[in-house]
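Hi,

Here is the structure I said I would pass on.

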Amino acid sequence: MSHAVHALRAARLARSVKPFLARGSRAARCPDCRLAASHCLCAWKPKVSANSGVCLVMHDVEALKPSNTGWLIADVVADTSAFGWSRTEVDAALPALLAEEQWQPYLVFPGEYAEPERVVTEVDVPQGKRPLFVLLDATWTQARKMFRKSPYLDSLPVLSLQPETLSRYRLRRSKRDDHLCTAEVAAMCLELAGDERAADALNAYLDVFSEHYLTSKAPRAVDLSNELHERLKAFL
Ligand SMILES: [Zn+2]
């Protein structure tokens, strides 16, 4: 398996002066899914197609974190690109991607931080184009800084996920906290764009990933026949 986040992680590791030590990294890890080999996720990767694309702009160490969920998006959505963010430079491939004829890019961010004329709440793609969701993959504090200090994103419409959509979504996922991870935001975007099957697959995959990740840290064995795995089987 090699995708955009995989490649970004390899490039970031190559630039590291000190080796990046994830917590619990003494356990043997699967090089593909990054989880402990005993909790490998590789057999559970969904196979679905999506009309939408995703462009991840990742804060410095995000691609290295074992808990990063941008990785899962790249596993599910074939057209996922990933770029490392820096305040002072931009990879020329990023503005080039945003300018590609086939895409209608949307910067996904809360509308209250943008000029009102930039804010949209629905995905309404011009004829012949496909939606490209630009996600800032970072902590909330970092993401706000990235939003303010990335001039190449300033011309994009800002897709603001609405409170009604968010609460409906939380109910359905029976989430206990308010924080949405990057994969959940991507799933909501896919749903808004009519890519429902990919959205469902990503959510089911995220649940199984979380289960594998948490049980590996406990540590205890993961139950491969539980309800979460059963649900994901529909997308394999
Ligand atoms: Zn694996």
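Predicted model: local features only at pLDDT ≥ 70, side-chain atom pairs only at ≥ 80, totals over all residues.

Below is what turned up, grouped by topic.

**Salt bridges**

The search of the whole structure came back with 7 salt bridges. Three of them are worth a look, including Asp60 with Arg12, where N and O sit 2.7 Å apart. That pair ties together distant parts of the chain, 48 residues apart: Asp60 is in the loop between strand 1 and helix 2 (70-76), while Arg12 belongs to helix 1. Arg12 counts as buried because its relative accessibility is 13%, under the 20% cut-off. Asp60, in contrast, is partly exposed at 36%.

Then there is Asp79 with Arg130, with the closest N and O atoms 2.8 Å apart. Asp79 is partly exposed, with a relative accessible area of 34%.

Arg118 and Glu115 also meet through their side chains, at 3.7 Å from N to O. Arg118 is buried at 13% relative accessibility, whereas Glu115 is partly exposed at 41%.

Which residues of helix 4 (residues 140-148) are buried? They are Ala143, Met146 and Phe147. These three lie on the same side of helix 4, because they cover an arc of only 100° around the axis. Turn to the face away from that buried side and you find the exposed residues Thr141 and Arg148.

Arg148 shows up again in a surface patch of positive charge, together with Arg87, Lys145 and Lys149. Arg87 comes from the loop between strand 2 (80-84) and helix 3 (93-98), and Arg87 is exposed, with a relative accessible area of 52%.

Most residues other than glycine have a negative phi, and most peptide bonds are trans. Two spots here go the other way.

Arg34 is not a glycine, yet has a positive phi of about 75°. You will find Arg34 in the loop between helix 1 (4-15) and strand 1 (53-58). Is Arg34 buried or exposed? Arg34 is buried, at a relative accessible area of 5%.

The peptide bond from Ala218 to Pro219 is cis, with omega near -15°. Pro219 is in the loop between helix 7 (196-217) and helix 8 (227-233).

Cheers

Terms used. Residues numbered from 1 in each chain as written. Heavy atoms only, no water. Patch = residues over 30% accessible without salt bridge, like charges linked within 9 Å, V, L, I, M, F, W, Y side chains within 5 Å. Areas by Shrake-Rupley, 256 points an atom, 1.4 Å probe, with all protein chains shown as cover. Salt bridge = Lys/Arg side-chain N within 4 Å of Asp/Glu carboxyl O. Lys, Arg positive; Asp, Glu negative; His and termini not counted. Charge placed at Lys NZ, Arg CZ, Asp CG, Glu CD. Helix = DSSP H or I, 4+ residues; strand = E, 2+ residues; numbered from the N terminus. Buried < 20%, exposed > 50% of the residue type's maximum accessible area, 1.4 Å probe, protein only. Arc of directions from axis to C-beta.
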